[in-house]
Amino acid sequence: FDNSSSSLHRDDSSITLTKYDTSKVDYVSKMAHFLNNPLVSIPLGEYKVNWNDYRALKQLQDVSYIIEKYDDLIGYINLFRKDSFNNSADLEIVIGDRNEQNKGYGREALSLFLGELYNNSSYNSLVSSIFDFNAVSTKLHESMGYEKIGTRKEAYFAYGRLNDMNIYEMNKTLYKKRK
């Protein structure tokens, strides 16, 4: 998804997906702050990680899009483990600003992203791995038309126990059917 546009926005949306701009230097410390919060990082599979400015800058530069609300960083959306032969990738979406969670911004961002991806790229299959304790992400993915394709039992240790990891998939056929 490297040929994507530098900015995605709909007139009826309060968020914008953009590429990271190095002039926004305050975003580096914000990203580190988001990812140092265990309530944000543990559902991503980042347990006991110290995010410094160097790692946060690298993350900002590497993600597919940052999610901005009125020119302020609130999260990111990213493809990783990209497989160009099979046109598939893994997807992660994060609303790192805890004050902006549960307001529909993740849904708006994912909707914009999927529209751009399935209309302007060759990607077909996107997989999201969601830990069983992350009900908000599960609800988001299911509401967008993702289908659960499997579960890795006791795949991740967090909160004092082993947790299941549920695997969800979206592909072009499901996306078009959803619309």
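Predicted model: local features only at pLDDT ≥ 70, side-chain atom pairs only at ≥ 80, totals over all residues.
Let me begin with the lining of the largest pocket, whose residues divide into 20 nonpolar, 12 polar and nine charged. If you want to follow the lining on the structure, the elements that give two or more residues to it are the helices α2 (38-41), α4 (105-120) and α5 (135-143), together with the strands β4 (73-83), β5 (88-95) and β6 (125-131).

Stepping back to the whole chain, there are six helices and eight strands in the protein, and, read along the sequence, they follow the pattern β-β-α-α-α-β-β-β-α-β-α-β-β-α. The C-alpha trace spans about 45 × 40 × 30 Å along its principal axes. How does the radius of gyration of the protein stand against that of a compact globule? For 179 residues such a globule would have a value near 16 Å, and the protein has 16 Å, so the two agree. Of these 179 residues, 50% count as buried, and among contacts between residues at least 6 apart in sequence, 62% join residues at least 24 apart.

Now to one residue in the strand β2, which covers residues 15-18, namely T18. Is T18 buried or exposed? T18 has a relative accessible area of 12%, and because the cut-off for buried is under 20%, T18 counts as buried. Its side chain makes a polar contact with the side chain of E68, at 3.1 Å. Leaving aside residues up to four places away in sequence, T18 touches S6, S7, Y65, I66 and E68.

Finally, I would like to turn to two backbone angles. Most residues other than glycine have a negative phi. Against that background, R81 has a phi near 45 degrees, a positive value in a residue other than glycine, and N102 likewise has a positive phi, near 60 degrees. Where do these two residues sit? R81 is found in strand β4, whereas N102 has its place in the loop between β5 and α4. As for accessibility, R81 is at 59% and N102 is at 65%, and since exposed means over 50%, both residues count as exposed.

Key. Residues numbered from 1 in each chain as written. Heavy atoms only, no water. Helix = DSSP H or I, 4+ residues; strand = E, 2+ residues; numbered from the N terminus. Nonpolar A, V, L, I, M, F, W, Y, C, P; charged D, E, K, R; others polar. Buried < 20%, exposed > 50% of the residue type's maximum accessible area, 1.4 Å probe, protein only. Polar contact = N/O pair within 3.5 Å; in protein donor to acceptor, adjacent residues only side chain to side chain. Contact = heavy atoms within 4.5 Å. Rg over C-alpha atoms; globule rule 2.2 N^0.38 Å.
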